[in-house]
Amino acid sequence: MTGTSSQSSPGEAAAARHDSVAGAGAPSAAGRRTDAGARAGAGDRVRAGDGVPAGDGARARPVWSRDFALFFVARAVARLGDTMLPVALAAGLLEHGYGAGAVGLAMASTAAAFAGLVVFGGVIADRFSTRKLMIGADLVRLGTQSLAAVLFYSGHVVLWEICAIGFANGVAGAVFQPGVASTVPRLAADIQGANGAIRIAESAAQLAGPAVAGLLVGLASPGGVFAAHAATYAVSALCLLLLRLPPLPAGGGPAAGHGSGTFRADLVDGWREFRARTWLWGVIAVWGLYMIAVWGPTVPLVATEVVQQHGPRSYGLINSALGAGTVVGGFLALRLRPRRMLRAGAVALFAFVWFPATVGAGLGVPLMAAGAAVAGAGMSFWGVMWATSVQTQVPPDVLNRIHAYDVAGSLAMMPVGQALAGPAASALGAGHVLLVSAAISLVVPSALLAVPAIRDLIRADAWPPARFPGAAAGPGRVHPERP
């Protein structure tokens with residue numbers, strides 16, 4: 001689940017033009033690749049739209065390189081800033097006489113713009129340079145958050161202006177996010193390892209962000225947090241600017257596939273590619289149930305129950321435990337290499353039951369924190385398995401659009417679940433609603449495992465080329481949907 005809050009989409013994730021990642025493999029030792037060499041090496045790779053080498057090529061571009069380190073820093077720093085923003089908005093708006101409703105409205109303006117436009121951002125990312133779009137989006141947010149800092153420093157805080165800034169940030173995020181999916185495979189042959197490392201960094205940033213924001217509010221003002229948030233976008237843009245990506249092969253890139261097509265045709269083509277993969281839309285369909293009945297109500301009701309019964313410090317401890325669990329899940333994803341990634345990820349999802357169950361049952365804070373940590377580990381492991389599956393099973397020329405459909409579909413039902421949480425808690429009691437969410441959290445991975453196309457999907461780099469001699473004929477077409 002693309003990360004958009006602390007919750008990833010069943011997934012979360014760049015040169016002069018968006019190019020075929022399969023053609024962005026590592027150069028030979030001599031630094032160039034002849035046609036003869038390309039033909040000779042065709043049998044050494046399983047091309048799944050991600051350029052994941054199955055042979056020696058995997059050692060040519062390990063996870064950690066100068067360029068992946070730059071992208072790693074960009075994602076970690078940006079995530080740090082994003083987790084600081086809720087604290088800044090809440091403290092700043094409350095300080096200027098607004099209530100909790102205003103804070104929610106300001107946050108909703110960003111979420112609405114992002115969820116409503118990210119699909120179009122995917123089409124744009126497949127038609128133009130993803131790296132330039134991502135840098136441009138960062139620069140836009142650098143400007144908007146700098147403006148917000150000036151408004152809060154000056155004391156001239158008007159709600160509609162803050163909402164307009166949030167809307168602009170959501171639009172920029174919708175342009176930025178689709179390019180993440182296609183950038184990761186270009187920077188590392190070990191895509192699962194790359195996703196695991198990024199997940200660990202983002203989880204650590206999520207732990208540190210609120211604490212840093214609280215410190216800045218105390219030492220300076222909410223305006224200082226907005227200024228720091230703007231600086232994180234400057235760092236991200238600089239890191240992306242310094243990236244050196246593998247050169248495009250002759251005739252590669254989107255020009256051949258998208259340059260002459262209309263925007264609407266590309267949008268429809270992306271939807272067609274999305275629907276053609278049962279494992280892909282099947283996960284998104286099940287994830288709608290998860291967002292409505294599990295994640296949507298769990299987040300606000302856990303906050304309400306814990307704060308009312310045990311105080312805000314206990315809630316902070318449980319949130320920290322959840323974040324620590326996601327770090328552990330990221331490390332597990334670095335070490336474990338299951339052949340059927342979505343099956344393994346779905347099994348890990350069963351661990352989430354302990355988060356709503358411990359709070360709903362009214363157990364003590366230590367048990368709630370332990371349940372949150374276990375849940376975070378399971379969710380994080382699933383997130384890496386999902387992101388890697390999307391990036392390695394989808395053709396590179398539609399990867400940005402499909403990732404956008406993934407993000408939009410994953411987020412669409414979350415506001416519904418959040419909106420229903422309050423009425424359901426009033427009718428049944430918050431504890432009972434959380435216990436129902438815990439029960440449904442067991443139904444979700446069971447439903448994933450019940451779909452053959454999901455549970456039997458084999459990782460792209462696990463298929464022997466000898467069994468599928470046509471695997472190298474075209475990117476992203478490695479095998480049919482069968483075990």
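In this predicted model, C239 is a buried residue, because its relative accessibility is 8%, below the 20% cut-off for that label. C163 is buried too, with a relative accessible area of 13%. A disulfide is a covalent bond that joins the sulfur atoms of two cysteines. The count of disulfides in the model, however, is zero.

Of its 483 residues, 54% count as buried. The chain exposes about 18,700 Å², and carbon and sulfur atoms supply 68% of that area.

The mean pLDDT of the chain is 76, and 78% of the residues reach 70 or more. Among the elements of the chain, helix α12 (residues 341-349) has the highest mean pLDDT, at 95, whereas helix α1 (residues 35-40) has the lowest, at 34. Two stretches deserve a careful eye. Over residues 1-8 the pLDDT stays under 50, and the model gives this stretch 40 contacts beyond four places in sequence. Residues 248-260 also have pLDDT below 50, with 21 contacts beyond near neighbours in sequence.

Charged side chains come next. Side chains of opposite charge can pair when their charged atoms come close. Across the whole structure, a search finds eight salt bridges. One of the pairs joins R75 and E202, with a distance of 3.6 Å from N to O. This pair links distant parts of the chain: R75 belongs to helix α3 (residues 66-95) and E202 to helix α7 (residues 191-219), and the two are 127 residues apart. Both R75 and E202 are buried. Another salt bridge brings together the side chains of E273 and R277, at 2.9 Å from N to O. Here, too, both E273 and R277 are buried.

A third pair has partners with contrasting surroundings. R455 and D456 form a salt bridge in which the closest N and O atoms are 3.8 Å apart. D456 is buried, because its relative accessible area of 12% falls under 20%. R455 has a relative accessible area of 26% and is therefore partly exposed, as this value lies between 20% and 50%.

F120 counts as partly exposed, because its relative accessibility is 36%.

Y290 is located in helix α10 (residues 278-310). With a relative accessibility of 2%, Y290 counts as buried. Y290 and L442 are 152 residues apart along the chain, yet their C-alpha atoms are separated by 9.9 Å.

Technical notes. Residues numbered from 1 in each chain as written. Predicted model: local features only at pLDDT ≥ 70, side-chain atom pairs only at ≥ 80, totals over all residues. Heavy atoms only, no water. Disulfide = S-S within 2.5 Å. Buried < 20%, exposed > 50% of the residue type's maximum accessible area, 1.4 Å probe, protein only. pLDDT = per-residue confidence, 0-100. Helix = DSSP H or I, 4+ residues; strand = E, 2+ residues; numbered from the N terminus. Contact = heavy atoms within 4.5 Å. Salt bridge = Lys/Arg side-chain N within 4 Å of Asp/Glu carboxyl O. Areas by Shrake-Rupley, 256 points an atom, 1.4 Å probe, with all protein chains shown as cover.
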